[in-house]
Amino acid sequence: MEKLKTFDVDLKRLFFEVLKRVWLILLVGIICGAGVFAYAKFFITPQYKATATIYIQNYTGENDEKIYSSDLSASQNLVTTYQGLLTSDNVLNRVKEKLGENYSVDAIRASFTAEAIEDTPILKISVSDHDPEEAAKIVNEIAKVAPDAIMNLVEGSSVKVVDLSRVPTGISYPSYKKVAAIGCVIGAGLTLAIIVLLVLFNSYICLLYTSPSPRDR
């Protein structure tokens, strides 16, 4: 039993045992990656993201054509406020009225995100949908409606549309390369872990049966 208590892992042997089974690790990784890719390709509805850009300006001077550093700082502070207002019922109800009765405020809100570009008074608004034309239609309507709706709520500011969205051509979700890579890593990692455990278990069993019994001492 003293020998069992001092059971050590032979790292060199473990390394070569794993090395002999590298083909199996790679094979399982490829199979898992292909399986996850196929699942994402055929069972997950692809989403398209359409993005529009708006510029938020705060007025502090009489000459509106000039932008002062204080205006820029105040505009950046307003961005956070505008992010919340863009998803409010007040704004989205107006968007719904423009789009028609087939749209709901909750559905628009669920597909909509607003992201501030760091250290700028620029706000990127995005809508994700399984139909790329619908995604562009909704986000562009939000961009058109939001300025007037928000300026009625926040005095002393201006919202201008910088860019409307084009119809997206590329899928935003899922990323087939990413899910396939994750599947490969998980499959290979689990196979490696199982191999290591089996080698350690076999080593322990061999040591158990080769250890002298108390009668032999």
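Cys-32 is partly exposed, with a relative accessible area of 29%; a residue counts as buried under 20%, as exposed over 50% and as partly exposed in between, for a 1.4 Å probe and protein chains only. This is a predicted model, in which local features need pLDDT of at least 70 and side-chain atom pairs count only at pLDDT 80 or more, while totals for chains, interfaces and linings use all residues. Residues are numbered from 1 along each chain as its sequence is written, and side-chain values use heavy atoms, with hydrogens and water left out.

A disulfide is a covalent bond between the sulfur atoms of two cysteines. Here the criterion is a pair of cysteine sulfur atoms within 2.5 Å, and a search of the whole structure finds 0 disulfides. For Cys-32, the nearest cysteine sulfur belongs to Cys-184 and lies 7.9 Å away. Cys-184 is likewise in no disulfide, and its relative accessibility of 28% makes it partly exposed.

The next topic is the pairing of strands. Helices (H or I, at least four residues) and strands (E, at least two) are DSSP runs numbered from the N terminus, and two strands pair if DSSP finds at least two bridges between them. Strand S2 (residues 112-116) runs antiparallel to S3, and 5 bridges join them. Within this pair, Phe-112 stands opposite Val-127 in S3. The hairpin of S2 and S3 has 5 residues between the strands, and Asp-119 there takes a positive phi near 60 degrees.

Ser-126 lies in strand S3, which covers residues 122-129. With a relative accessible area of 8%, Ser-126 is buried. Its side chain makes a polar contact of 2.9 Å with that of Thr-51; such a contact is a pair of N or O atoms within 3.5 Å, where within protein one must be able to donate a hydrogen and the other to accept it, and residues adjacent in sequence count only if both atoms are side-chain atoms.

In soluble globular proteins, nonpolar side chains tend to be buried together. A nonpolar core is a set of buried Ala, Val, Leu, Ile, Met, Phe, Trp, Tyr and Cys residues joined through side-chain atoms within 4.5 Å. The largest such core has 30 residues, of which Leu-86, Ile-108, Ile-125 and Ile-142 touch the most other members. Among the elements that give two or more residues to this core are strand S1 (48-58), helix H4 (69-86) and helix H7 (132-151). H7 gives the most, with 10 residues. A second, separate core of 5 residues includes Leu-14, Val-18, Ile-195 and Val-199.
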